[in-house]
Amino acid sequence: FENALKENKKNVSLYNKYGVFLIENEQFNQAIKWLMKGKSVSSDSDTKDVEYNLIIAYEGLQDYNTALQMLELYEASYGITDVLEKEREFLSTRLS
């Protein structure tokens, strides 16, 4: 992945896929690093999946406050969905 990213520095989808791979392998700090890089090289319209996966990565770190903040930003940008409602419900059980 990292070699491919060196050659495709503006490929947001590749950053996102690598971030998901890292999340699946419980490398949450690394996932956040690469997802944030992907977010920084893209236009706002390309970052929806990256921003969602950042929520998941922060949950993996058990940083529920940051995950909730990211969720609120996501909702402000893209609206509320059933999936986000379930994420919010999950986070509320962790923060109370």
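Hi everyone. Starting from the N terminus, the elements of this protein run α-α-α-α-α-α. Before we go on, please keep in mind that this is a predicted model. If you count the elements up, you get six helices and zero strands.

Let's take the overall form. How does the radius of gyration of the protein agree with that of a compact globule? For 96 residues, a compact globule would come out near 12 Å, and the protein has 13 Å, so the two agree. Along the principal axes, the C-alpha trace spans about 45 × 25 × 15 Å.

Now the surface. The accessible surface comes to about 5,900 Å², and carbon and sulfur atoms account for 46% of that. As for charge, there are 16 negative side chains and 11 positive ones. The centres of those two sets lie 8 Å apart.

Let's go inside. Of the 96 residues, 35% are buried. The largest nonpolar core has 22 residues, and those with the most contacts inside it are Ile23, Leu54, Ile55 and Tyr58. Which elements give two or more residues to this core? They are α2 (12-24), α3 (28-40), α4 (48-60), α5 (64-78) and α6 (82-95).

Setting aside residues up to four places away in sequence, isoleucine 55 touches Ala67, Met70, Leu71, Tyr74 and Glu87. There is also a figure for contacts across the whole chain. Take the contacts between residues at least 6 apart in sequence: 45% of them join residues at least 24 apart.

Next, two spots in the loops. Most residues other than glycine have a negative phi. Glutamate 26 has a phi near 55°, which is a positive value in a residue other than glycine. You will find glutamate 26 in the loop between α2 and α3. Is glutamate 26 buried or exposed? Its relative accessibility is 61%, and exposed means over 50%, so glutamate 26 counts as exposed.

The other spot is glutamine 62, in the loop between α4 and α5. Here phi is near 65°, again a positive value in a residue other than glycine. Glutamine 62 counts as exposed because its relative accessibility is 58%.

With 27% relative accessibility, glycine 79 counts as partly exposed. The reason is that 27% falls between the cut-offs: buried is under 20% and exposed is over 50%. Leaving out neighbours within four places in sequence, glycine 79 is in contact with Tyr74 and Leu84.

Glycine 79 and threonine 93 are 14 residues apart in sequence and 22 Å apart in space. Asparagine 3 and tyrosine 18 are 15 residues apart in sequence and 11 Å apart in space.

While you have asparagine 3 selected, where does it lie? Asparagine 3 is in helix α1, which covers residues 2-7. At 57% relative accessibility, asparagine 3 counts as exposed.

To wrap up, we have seen six helices with zero strands, and a largest nonpolar core of 22 residues.

Terms used:
Residues are numbered from 1 along each chain as its sequence is written. This is a predicted model: local features need pLDDT of at least 70, side-chain atom pairs count only at pLDDT 80 or more; totals for chains, interfaces and linings use all residues. Side-chain values use heavy atoms; hydrogens and water are left out. Helices (H or I, at least four residues) and strands (E, at least two) are DSSP runs, numbered from the N terminus. The radius of gyration is taken over C-alpha atoms; the globule rule is 2.2 Å times the number of residues to the power 0.38. Buried means under 20% relative accessible area, exposed over 50%, partly exposed in between (1.4 Å probe, protein chains only). Contact means heavy atoms within 4.5 Å. Accessible areas come from the Shrake-Rupley method with a 1.4 Å probe; for residues, only the protein chains shown count as cover. Lys and Arg count as positive and Asp and Glu as negative; His and the chain ends are not counted. The place of a charge is taken as NZ of Lys, CZ of Arg, CG of Asp or CD of Glu. A nonpolar core is a set of buried Ala, Val, Leu, Ile, Met, Phe, Trp, Tyr and Cys residues joined through side-chain atoms within 4.5 Å.
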